[in-house]
Amino acid sequence: MADILPFKRPSKKTTAWQKHKGSSLCRDGFHKWQVVTERKFDVKQGKLVTEYRCQRCGKTKTKLL
Ligand SMILES: [Zn+2]
């Protein structure tokens with residue numbers, strides 16, 4: 001009975017934690033932006049924009065030129 005240590009659960013959890021850490025960066029606003037389309041015409045804004053997508057969470061944003 002004394003041999004069972006409930007808190008000793010190895011490596012798998014560490015990996016899950018690191019993944020969680022990555023996405024929590026996204027939640028804090030630190031996205032890994034990658035340019036999807038440069039000089040795309042945004043119809044809503046009626047202006048040229050650059051489109052970005054986060055490599056981690058897939059969120060997109062546009063930036064006015
Ligand atoms: Zn992100």
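The 4 donor atoms around the zinc ion subtend angles of 103 to 117°, and the arrangement is therefore tetrahedral; four donors are counted as such if all angles lie between 85 and 135 degrees. Ideal angles at a metal are 109.5 degrees for four tetrahedral donors. The model is a predicted one, in which local features need pLDDT of at least 70 and side-chain atom pairs count only at pLDDT 80 or more, whereas totals for chains, interfaces and linings use all residues. Residues are numbered from 1 along each chain as its sequence is written, and side-chain values use heavy atoms, with hydrogens and water left out.

The zinc ion is coordinated by the SG atoms of C26, C54 and C57 and by ND1 of H31, at 2.1 to 2.4 Å. Donors are N, O and S atoms within 2.8 Å of the metal (3.2 Å for Na, K and Ca); water is not among the atoms, so sites may look incomplete. Along the chain, the donors of the zinc ion follow the spacing C-x4-H-x22-C-x2-C. Accessibility was computed for two of these residues. C54 is buried, because its relative accessibility is 3%, while C57, with a relative accessible area of 42%, is partly exposed. Buried denotes under 20% relative accessible area, exposed over 50%, and partly exposed the range in between (1.4 Å probe, protein chains only).

An open sheet is formed by 3 strands in the order β1-β2-β3, with antiparallel pairing. The edge strands, each pairing on one side only, are β1 (33–42) and β3 (60–64). Neighbouring strands of this sheet are turned by 30° against each other on average, direction ignored; axes are lines fitted to C-alpha atoms, for helices over the stretch in contact, and angles run from 0 to 180 degrees between N-to-C directions. Strands (E, at least two residues) are DSSP runs numbered from the N terminus, and two strands pair if DSSP finds at least two bridges between them.

β1 and β2 (residues 47–54) pair in the antiparallel sense over 7 bridges. Within this pairing, F41 has L48 as its bridge partner in β2, and V35 has Y52. The two strands form a hairpin with 4 residues between them, and G46 in the turn has a positive phi of about 70°.

Since E51 lies in strand β2 and K40 in strand β1, the pair ties together parts that are 11 residues apart in sequence. E51 counts as buried at 17% relative accessibility, whereas K40 is partly exposed, with a relative accessible area of 32%.

T50 also lies in strand β2 and is buried, with a relative accessible area of 8%. Not counting residues up to four places away in sequence, T50 touches V35, T37, E38, R39, K61, T62, K63 and L65, where contact means heavy atoms within 4.5 Å.

Methods: Four donors count as tetrahedral if all angles lie between 85 and 135 degrees; four count as square planar and six as octahedral if opposite donors are over 155 degrees apart and all others between 65 and 115; anything else is irregular.
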